[in-house]
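These are my notes from going through one model. I kept them in the order in which I looked things up.

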Amino acid sequence: MDFQKRLEKAVERGQRSGEARAREAARQAMNEEELKRLHTQLRLELSEHIDECIGQLPDHFPGFRKETVVGDRGWGAAVSRDDLALAPDGHRKNVYSRLEMSIRPYSSAHVLELLGKATIRNKELFNRSHYQRLAEVDPATFRELIDLWILEYAERYAAGS
């Protein structure tokens, strides 16, 4: 085979390789869009559940203020309150309690991540994270964790009252 024919075949192989890479990139871009869409759907569903459940705490513990969490930290809800307590020496001190739960924004890691932070009377109760790959997410598991974390907070807060 002469050089001219080998050169033509090399060019054809290169073109096929480039086309294959372009097709793969397009396929991955579609998958990326599908993953973003799935994350958005799950984020909306779970952040509504967080909002609904956390929103019930002020009914049982007057003085808590509910707020919606939206932004670069994620989407969810929080409740908090400031109280005055008497120290053993008779001085007043401020005590702060807060429960915040949110779903983290979409990332290139392709995971759905739930964050929970809880403080009761200036003492951290927990700072947790739970995540699953987007392709394997079970929304029921996330809803159960949300419920469990909120119930744990309510029980521990009530025990200290």
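**Entry 1. V137**

Leaving aside its neighbours within four places in sequence, which residues is V137 in contact with? I was working on a predicted model, which I kept in mind throughout. I listed the contacts and found L42, L112, Q132 and F142. I then placed V137 itself: it sits in the loop between β5 (123–133) and α3 (139–160). L86 is 51 residues away along the chain, and the C-alpha atoms of V137 and L86 are separated by 46 Å.

**Entry 2. Helix α3**

I went on to α3, where F142, one of the contacts of V137, is among the buried residues. The helix has 22 residues. From first C-alpha to last I got 32 Å, close to the 32 Å expected at 1.5 Å a residue.

Which residues of α3 are buried? I noted F142, L145, I146, W149, I150, Y153, A154 and Y157. Looking down the axis of α3, I found these buried residues within an arc of 165°, so they line one face of the helix. The spacing follows a general rule: an α-helix has 3.6 residues a turn, so residues three or four places apart point the same way. On the face turned away from the buried side I found the exposed residues E144, L148, L151, E155 and A159.

I looked up R81 next and found it in strand β2. Is R81 buried or exposed? Its relative accessible area is 15%, so I wrote it down as buried. Not counting residues up to four places away in sequence, R81 touches F61, P62, G63, F64, R65, V95, Y96, S97 and Y157. Y157 is also on my list of buried residues in α3.

I then checked the pairing around R81. Strand β1 (residues 65–71) runs antiparallel to strand β2 (residues 74–86), with seven bridges. A hairpin of two residues joins β1 to β2. R65, one of the contacts of R81, stands opposite S80 in β2.

How many bridges pair strand β4 (residues 111–120) with β5? I counted 10, in the antiparallel sense. T119 stands opposite E124 in β5. Two residues lie between β4 and β5 in this hairpin, and R121 in the turn has a positive phi of about 50°.

I kept looking at phi, since most residues other than glycine have a negative phi. N122, in the loop between β4 and β5, has a positive phi near 70°. With a relative accessible area of 44%, N122 is partly exposed. H110 is not a glycine either, and its phi is positive at about 60°. I located H110 in the loop between β3 (92–103) and β4. Its relative accessibility is 21%, so H110 goes down as partly exposed.

**Entry 3. H39**

The other histidine I looked up is H39, in helix α1 (residues 3–54). At 2% relative accessibility, H39 counts as buried. Which residues does H39 touch, not counting those up to four places away in sequence? I found I103, R104, P105, Y106, V111, L112 and L134. L112 is also in contact with V137.

**Entry 4. The whole chain**

Last, I stepped back to the chain. I counted three helices and five strands. From the N terminus on, the elements run α-α-β-β-β-β-β-α. The radius of gyration is 26 Å, well over the 15 Å that the globule rule gives for 161 residues, so the chain is more spread out than a compact globule. Along the principal axes, the C-alpha atoms fill a box of roughly 100 × 30 × 20 Å.

What share of the 161 residues is buried? I got 32%. The chain exposes about 10,400 Å², and carbon and sulfur atoms supply 50% of that area. Among contacts between residues at least 6 apart in sequence, 52% join residues at least 24 apart.

Note on methods
Residues are numbered from 1 along each chain as its sequence is written. This is a predicted model: local features need pLDDT of at least 70, side-chain atom pairs count only at pLDDT 80 or more; totals for chains, interfaces and linings use all residues. Side-chain values use heavy atoms; hydrogens and water are left out. Helices (H or I, at least four residues) and strands (E, at least two) are DSSP runs, numbered from the N terminus. Contact means heavy atoms within 4.5 Å. The expected span of a helix is 1.5 Å times one less than its number of residues. Buried means under 20% relative accessible area, exposed over 50%, partly exposed in between (1.4 Å probe, protein chains only). The arc is that of the directions from the helix axis to the C-beta atoms. Two strands pair if DSSP finds at least two bridges between them. The radius of gyration is taken over C-alpha atoms; the globule rule is 2.2 Å times the number of residues to the power 0.38. Accessible areas come from the Shrake-Rupley method with a 1.4 Å probe; for residues, only the protein chains shown count as cover.
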